[in-house]
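Welcome to my notebook. I kept these entries for anyone meeting this structure for the first time.

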Amino acid sequence: MQARCWFAFGDAEDHYKCRAVVMQAYPAGRFPVFAGHNYMQYQIRDPRGFAAMLDSIIQYDTMPDLPMVRREKS
């Protein structure tokens, strides 16, 4: 079940610091980082792109290639 969990973070956010704790609690989860983004910034600036991203996650269990997303686990 955890492998289907996605936790997106913006690296400009104050709570980005808690990412390590979330990763420890959900070791099989996925943790993309939106470089240079704050909380909900991508959703607000590009709602259609954000919706397409969610659609890809729901249908294919993967994110589309987005230039601002880092997917590494650490």
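**Ground rules.** I call a residue buried under 20% relative accessible area, exposed over 50%, and partly exposed in between (1.4 Å probe, protein chains only). This is a predicted model, in which local features need pLDDT of at least 70 and side-chain atom pairs count only at pLDDT 80 or more, while totals for chains, interfaces and linings use all residues. Residues are numbered from 1 along each chain as its sequence is written, and side-chain values use heavy atoms, with hydrogens and water left out.

**Entry: the sheet.** I started with the strands. Helices (H or I, at least four residues) and strands (E, at least two) are DSSP runs, numbered from the N terminus, and two strands pair if DSSP finds at least two bridges between them. I found 3 strands in an open sheet, ordered β1-β2-β3, with mixed pairing. The edges are β1 (9-10) and β3 (69-70), each of which pairs on one side only. Between β1 and β2 (residues 33-34) I noted 2 bridges in the parallel sense. Opposite Gly 10 I found Phe 34 in β2.

**Entry: the largest pocket.** A pocket here is an open set of points on a 1 Å grid over the protein atoms alone, where a 1.4 Å probe fits, with protein on both sides within 12 Å along at least five of seven lines; lining residues have an atom within 4 Å of a point. Its volume is the space filled by probe spheres set on the points, with grid points joined across faces, edges and corners. For the largest pocket I noted about 280 Å³. Of its 21 lining residues, Ala 8, Phe 9, Phe 34, Met 40 and Phe 50 are closest to the centre. β1, α2 (41-45) and α3 (47-60) each supply at least two lining residues, and the largest share, 4 residues, comes from α3.

I then sorted the lining by class: Ala, Val, Leu, Ile, Met, Phe, Trp, Tyr, Cys and Pro count as nonpolar, Asp, Glu, Lys and Arg as charged, and the others, Gly among them, as polar. The lining has 14 nonpolar, 6 polar and 1 charged residues.

**Entry: two positive phi values.** Met 40 sits in the loop between β2 and α2, and its phi is near 65°, positive although it is not a glycine. Is Met 40 buried or partly exposed? Met 40 counts as partly exposed, because its relative accessibility is 34%. Asp 61, in the loop between α3 and β3, is another residue other than glycine with a positive phi, about 55°. Asp 61 is partly exposed, with 21% relative accessible area.

**Entry: the nonpolar core.** A nonpolar core is a set of buried Ala, Val, Leu, Ile, Met, Phe, Trp, Tyr and Cys residues joined through side-chain atoms within 4.5 Å. The largest one has 9 residues, among them Phe 34, Phe 50, Ile 57 and Val 69. α3 gives the most to this core, with 3 residues.

**Entry: cysteines.** How many disulfides (pairs of cysteine sulfur atoms within 2.5 Å) does the structure hold? I counted 0. Cys 5 is partly exposed at 23% relative accessibility, and Cys 18 is partly exposed at 31%.

Methods. Disulfide = S-S within 2.5 Å.
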